[in-house]
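Hi,

Here is the model I promised to pass on. My notes on it follow below.

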Number of protein chains: 2
Amino acid sequence: MDTKIESGAAAATRYFSEKRVPIAEALRSLPSRESGGLSLVPGGGTESLERIAEFCLRGKMIRGCLVFLGAEAADADGDTGLIDCAVAMELFQAGLLAHDDIMDRDETRRGAPTIHARYAVEAEARYAAEALAREEGVASHNPADSLHIGEALGICLGDLCYFEGFASLSRAIVGKPRGPEILGLCSSVLAEVAVAQMSDVRWGGSHAEVREEEILAMYRCKTARYSFSLPLAVGAFAVSGDLAEALMGLGDDLGILFQIRDDELGLYGSAGATGKGVGSDLREGKKTLLRARLLAAAPEGERDLLTRAFSAGERGEGELEADIAYIRRLADELGVARSIDEMKARAEDRARAIIRDLPLPRTETREVFEGLVEWVTRREK
Amino acid sequence: MDTKIESGAAAATRYFSEKRVPIAEALRSLPSRESGGLSLVPGGGTESLERIAEFCLRGKMIRGCLVFLGAEAADADGDTGLIDCAVAMELFQAGLLAHDDIMDRDETRRGAPTIHARYAVEAEARYAAEALAREEGVASHNPADSLHIGEALGICLGDLCYFEGFASLSRAIVGKPRGPEILGLCSSVLAEVAVAQMSDVRWGGSHAEVREEEILAMYRCKTARYSFSLPLAVGAFAVSGDLAEALMGLGDDLGILFQIRDDELGLYGSAGATGKGVGSDLREGKKTLLRARLLAAAPEGERDLLTRAFSAGERGEGELEADIAYIRRLADELGVARSIDEMKARAEDRARAIIRDLPLPRTETREVFEGLVEWVTRREK
């Protein structure tokens, strides 16, 4: 995936590259497969499904790949509906992102316009064309209306992603004794994500600082359980379910490691590699672990400067760089950088211990799990 | 439900009153039942689930009741997870309405503030309280931000409704051979609704008129298949599934009848009974069958007046009454009212024929189905 990646992660990144292929293929065929019922709907569903597939294909598809890994851990043998489970994970993620981007007012994602931003531009063009056809001025409508239509269509497309995701799950669980558990786990973890997202929205709209425990709980729900524990456990359940609990626990640690790395990339990361701009978390006023620990540790005299450096909003490139350098210096001086590194080390140790104890049927599977720990901890994008 | 209801519908309205009781009870217990996983999420999920339950309880719960009716048609015997299916139907509906109200910018629903409108008011109050605490002026923020936060939380709550709905389904399908079919039917019909809703949004944002076929396809997806066919078939599948196809067909006709009656109430209906204002569909510029037929049938000279009467937007009470009277007069003069009545009569005949052929195990069940035809056709609210 990335030439700069630590060689220890190679087994995982190779695995992802390999498993992405059938997932991508299944996503690409989504529009044609679904043309049955949806084609009767006014407007048809094909165009929407193409948009969804395209959006999914631009992602890393880690969640889909982890379904396969969870199944291999449980000794998958032959076709067990894994591809439909993997596609479901990617569709759920697409739906959540489509909605998140509306809430965060983000206009780019994965190096392209967000779902609602693209709809808004299209609505604007349609208004203009209609106005021309009526020989009125192009300015005969309120541009806020185009944005609202873009957001409305983005809400619908996100909903469609969820429903197509559950439709994919329904195909996956045919003949599976643990089918209801797969459905139950997916829906309850997604419910946790929805509630966690509400806290995120409230935090964004408030001047109050958020405590470390709340931030860690957020990391656990929105990243660990949802992005790691869930797909690994779904893969395991698709086979037998015996390993599901151990994999849920492993996902917790992998997720925390992934999220802390995400925060590092969101603050210091390069725009080219991540698709986000440097300091994007800063501009969005994201409540991160680093921020909570720094604000708790900072002496009275630094508190105001720090709050200002962390405050949401656009700023010039020079100012942004200065804010980031200031945060980095303070994190070193106050020992916050070290304390987070120590937390990472503990999570990494726990993850490695769980993997050591997993009764894995194949050495290669163990190498992929070990590479995964390396990747979530040290990835460059 | 309503003293003015035609006596023929009595068996159906009695049935609804009876079945609402256990559904309402299950919805009321939702917040406490779910406190396991969601209580770990930052912010907790209990408050959100209480909001959802309260919102559901203000509805008619027709979809939930129809699950029981579908199961009775298929000769349900004992506990077959029906209540969890019924709760799922109500939660799906709540999620769709929460999202629809954001798209339509509606501020009241079921006689109370809509989900996002209530969140927006709460966000506004929180901003004001925080500004007071910081001893700043109350006007230190942009009110549009409160609306945006309200909409963002409304999107999340809608998502939570869907996920809780699927969680409820997962409980319902334990040990059911046709469980995957239930899940597949729910998700594919919901996908149709999402796509249909996108057309609805596009129609609202366009000056172009919509053809009758498109409007009827919309009625079929958003009302017939989703609100009638789906819950009836889910109930049947929960028992055996043999009747599911016939009930899907019956749902089609019931839905068309319901939607045409809904249009009549949305144009001429009284505010007290329906919870919507008179002419609410007019103010929203809703693309109805009546509108499409009138615009197609109107002579050149009336076309402009008619388009203006149907154009979206607020207007004075007197003007609204005049517009409605004009539409009613033209619908009579052009024979459009009669043509729609004939369409209703045909759908009613088809529905009664399907019911006659259903191999129903009990006479009382047949009476409820017959009452249902009466109710969808002539209900007063």
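The side chains of D145(B) and R105(A) form a salt bridge at 3.8 Å, N to O; the rule asks for a side-chain nitrogen of Lys or Arg within 4 Å of a carboxyl oxygen of Asp or Glu. Two salt bridges are found across the interface of chain B and chain A.

Before going on: this is a predicted model, where local features need pLDDT of at least 70 and side-chain atom pairs count only at pLDDT 80 or more, while totals for chains, interfaces and linings use all residues. Residues are numbered from 1 along each chain as its sequence is written, chains are lettered from A in the order in which they are written, and side-chain values use heavy atoms, with hydrogens and water left out.

How much area is buried between the chains? About 5,400 Å², with 71% of that from carbon and sulfur atoms (accessible area, 1.4 Å probe, lost on putting the two parts together, summed over both). P42(B), F163(B) and M198(B) supply 13% of what chain B buries against chain A, more than any other three residues. In contact (heavy atoms within 4.5 Å) are 67 residues from chain B and 66 residues from chain A.

As for symmetry, a rotation of 180 degrees with 0.0 Å of shift along its axis puts chain B on chain A, RMSD 0.1 Å (least squares on C-alpha atoms of residues with pLDDT of at least 70 in both). That is the relation of a two-fold axis. The copies meet through the same surface, because 99% of the interface residues of chain B are also interface residues in chain A.

Best wishes
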